[in-house]
Amino acid sequence: MDEPFDVDAGGKPRVRDYMTQDVATVAPEDTVAEVSRRIVESDGHNGFPVTQGRKVEGFVTARDLLLADDVTPMFRVMSDDLLVAHPEMDVNDAARVILRSGIQKLPVVDDAGTLVGIISNADVIRSQIERATPEKVGKLLRTLETIHDVDASEERREVAIADLVPTQGKVYADELEGRRYEIEHGLTEPLVVIDNGGDLLLADGHHRAMAAHTTGVETMDAYVIDLGTRVDLGMARTAREEGLASVEDVNVVDYARHPLVETTERFQ
């Protein structure tokens, strides 16, 4: 059953919304050789929480292992001066901790001190881009109501990618790679969709929708704004003029980088 989307439900992104719940850990008795091998064989790990059961005892990074003997256990090389986050912590506060401390990952512990996740600098960056917040969706809804004199509503539901009508004609191949990674790791943000008399117009999240389409994902979570009736939307006219009827019609640009990347590189 679809749950109603509450525009006034706080809106602040929490650590629990962006943390990775399936956390790889090591034990205090694991040796430098064992943990070094895990780092080399892992997909992007450069350190692990050190846990006894689900209690965090410390954190060990690849740098901590460099000068230690292979047989040295983790409890002798780990850092036990820990910075941790709480699942209900504002993700912006977690960002400040990560930025000021220079660390790359924060273990996330609950009120009982149990490890429930981990949040990285990459997770924090992701929380700041393409975020479909209640405020963002609410502002769009109120704008549509004012301009078109309709009584709109919103809800959170799964939408079929094949049913979406795109409102922009191109996406960038390099950005699609990042969106595919998010999908594969369960990190994808909801889409924002406008139900215009039965036509599901994709208002926000074209790269996410295209990444889902190219990886075989058939449905995605979305905030759906239902206008209650069909109105003459500018984005609907744009879709018609550009011949956009489905995600199949969106052009993947692989000969150019995203304009923001190009701009950044010019200032380097």
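**Group meeting talk: a tour of one predicted model**

Let me start with contacts, meaning heavy atoms within 4.5 Å. Among contacts in the protein between residues at least 6 apart in sequence, 72% join residues at least 24 apart.

Now some ground rules. This is a predicted model, so to speak: local features need pLDDT of at least 70, side-chain atom pairs count only at pLDDT 80 or more, and totals for chains, interfaces and linings use all residues. Residues are numbered from 1 along each chain as its sequence is written, and side-chain values use heavy atoms, with hydrogens and water left out.

The overview comes next. The protein has eleven helices and eleven strands. These are DSSP runs, numbered from the N terminus: helices are H or I with at least four residues, strands are E with at least two. Of the 268 residues, 43% count as buried. Buried means under 20% relative accessible area, exposed means over 50%, and partly exposed is in between, with a 1.4 Å probe and protein chains only. The accessible surface comes to about 14,800 Å², and 48% of that belongs to carbon and sulfur atoms. Those areas come from the Shrake-Rupley method with a 1.4 Å probe; for residues, only the protein chains shown count as cover.

On to helix H5, residues 91-101. Which of its residues are buried? Val91, Ala94, Ala95 and Ile98 are. They cover an arc of only 105° around the axis, which puts them on the same side of H5. The arc is that of the directions from the helix axis to the C-beta atoms. Here is the general rule: an α-helix has 3.6 residues a turn, so residues three or four places apart point the same way. Asp90 caps the N-terminal end of H5, with a side-chain oxygen 2.8 Å from the backbone nitrogen of Asn92. Just after H5, Gly102 takes a positive phi of about 80°.

Next, strand S3, residues 105-109. Five of its five residues are buried. Lys105, Pro107 and Val109 point one way, while Leu106 and Val108 point the other way. S3 pairs with strand S4, residues 115-120, in the antiparallel sense over five bridges. Two strands pair if DSSP finds at least two bridges between them. Lys105 stands opposite Ser120 in S4. The hairpin has five residues between the strands, and there Gly113 takes a positive phi near 80°.

Now the core. A nonpolar core is a set of buried Ala, Val, Leu, Ile, Met, Phe, Trp, Tyr and Cys residues joined through side-chain atoms within 4.5 Å. The largest one has 19 residues, and Ile161, Leu164, Leu191 and Val193 touch the most other members. Which helix or strand gives the most to this core? H9 does, with four residues. Apart from it lies another core, of 17 residues, among them Leu141, Ala152, Leu233 and Leu244.

Stay with H9, residues 206-214. Seven of its nine residues are buried, so H9 is largely enclosed by the rest of the structure. The buried ones include His206, Arg208 and Met210. Gly216 follows H9, and its phi is positive, near 85°. Ile161 touches this part: leaving aside neighbours within four places in sequence, its contacts include Ala209, Ala212 and His213.

Last stop, Asp149. This residue is in the loop between helix H7 (134-148) and strand S5 (153-160). Buried or exposed? Asp149 is exposed, with a relative accessible area of 72%. Its phi is near 50°, a positive value in a residue other than glycine.

How values were computed:
Polar contact = N/O pair within 3.5 Å; in protein donor to acceptor, adjacent residues only side chain to side chain.
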